[in-house]
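Subject: Structure for you to look at

Hello,

I am passing this structure on to you. Please open it first, then read my notes below.

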Amino acid sequence: MVSVLCAVLHALLSCLIPPANLLVIVAVCQLLRKHPGSSYIYVLNLATADLLVGVMCITEALDDVLDGDFDRSKSFCLLRISLSMTPCIGSILTLLLISLDRYLAVRLPLSYRTLPKKAPMALSLIFLWILAFLLGHLPLIFPSLQQSNYTGYCGLLSVARSEYLYTLCFGVFAPSLLVLLCLHISVCSIAYTQHTRLPHSCVQPGPLRARLRHFKALRTVLFVLVGFGLSWGPYLVGGTVQAACRTCDLSGALKDSLFILGETNSLLNPLIYALHSRDIRSHLAKLSGEPSFPIIRQTRTY
């Protein structure tokens, strides 16, 4: 029954994740035509990473249909795990870039528009995907991180040593989440300070309102961050427990239910942007054929 339920969930995710992220990609591309060089490129990169996760869900669904025939090859299992982890790492690193960009917008509201963006943005995305590829393919690059006694059960700890999981948890996800948390606390502190000053200040209200506008944009990123923590948090905690406790057996849960929960994050992200980003929601309404009503003083939030 559990295997059948997992197969159904994989099939649903493989049908829902790619179309949802493709819609966001199309909407963001239209926004980029109106605002070239804007930070919407980071949202586009996030949707692309989630789209890749959806493509990997299709391979998971095919594997469920074929009853694990793909898992007999250790090389194929390593490749599948690497291709699954790479876009997940790219997703969390993209969240880091988005939060850093919002922090600069709130911290430096006047000079933010004059900062050079195209070259640093391109370099940061290139570095991001190179780093994500290298970290995702570490077991293939370094055979010492591979398990020597592969049994045909394709899971992260079944084909890779616990050191690789430690690298992912404590070298990528935990530091990234810590930096994200610190950035959000700092931005919230700045926004709260400006919010308390705004009603009593008659001098230079523009920068204050700019900070508040960027703070509203950051709320969407906060929802995405919470969704990522709720989706991938149980998998990372379970994987860490499994790696540290030799008598524990969480391999089945890690391979099936907890990993599926993590993959749902790639469906949550486009839904969050569709609900909380006014510009993206407006363009999605146009794509779906729904009438879009004019919005007075529309604020770009992403």
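Predicted model: local features only at pLDDT ≥ 70, side-chain atom pairs only at ≥ 80, totals over all residues.

Overall make-up. The protein has 12 helices and 0 strands. Of its 302 residues, 47% are buried. The accessible surface is about 15,300 Å². Carbon and sulfur atoms hold 69% of that surface. Now take the contacts with a separation of 6 or more: 77% of them join residues 24 or more positions apart.

The cores. The largest nonpolar core has 57 residues. Val 28, Ile 89, Ile 92, Leu 156, Phe 173 and Ile 280 touch the most other members. Helix H3 (residues 74-107) supplies the largest share of this core, 11 residues. A second, separate core has 7 residues, including Cys 6, Ala 20, Cys 57 and Ile 260.

Back to Ile 280. Leaving aside neighbours within four places in sequence, Ile 280 is in contact with Ala 27, Val 28, Leu 31, Val 43 and Tyr 273.

The loop residue. Leu 145 sits in the loop between helix H5 (138-141) and helix H6 (156-159). Is Leu 145 buried or exposed? Leu 145 counts as buried, because its relative accessibility is 15% and the cut-off for buried is under 20%. Not counting residues up to four places away in sequence, Leu 145 touches Leu 138, Pro 139, Val 159, Ala 160, Arg 161, Glu 163 and Tyr 164. Take Glu 163: it is 18 residues from Leu 145 in sequence, and the two are 7.0 Å apart, C-alpha to C-alpha.

Best wishes

Definitions and conventions:
Residues numbered from 1 in each chain as written. Heavy atoms only, no water. Helix = DSSP H or I, 4+ residues; strand = E, 2+ residues; numbered from the N terminus. Buried < 20%, exposed > 50% of the residue type's maximum accessible area, 1.4 Å probe, protein only. Contact = heavy atoms within 4.5 Å. Areas by Shrake-Rupley, 256 points an atom, 1.4 Å probe, with all protein chains shown as cover. Core = buried A, V, L, I, M, F, W, Y, C linked by side-chain atoms within 4.5 Å.
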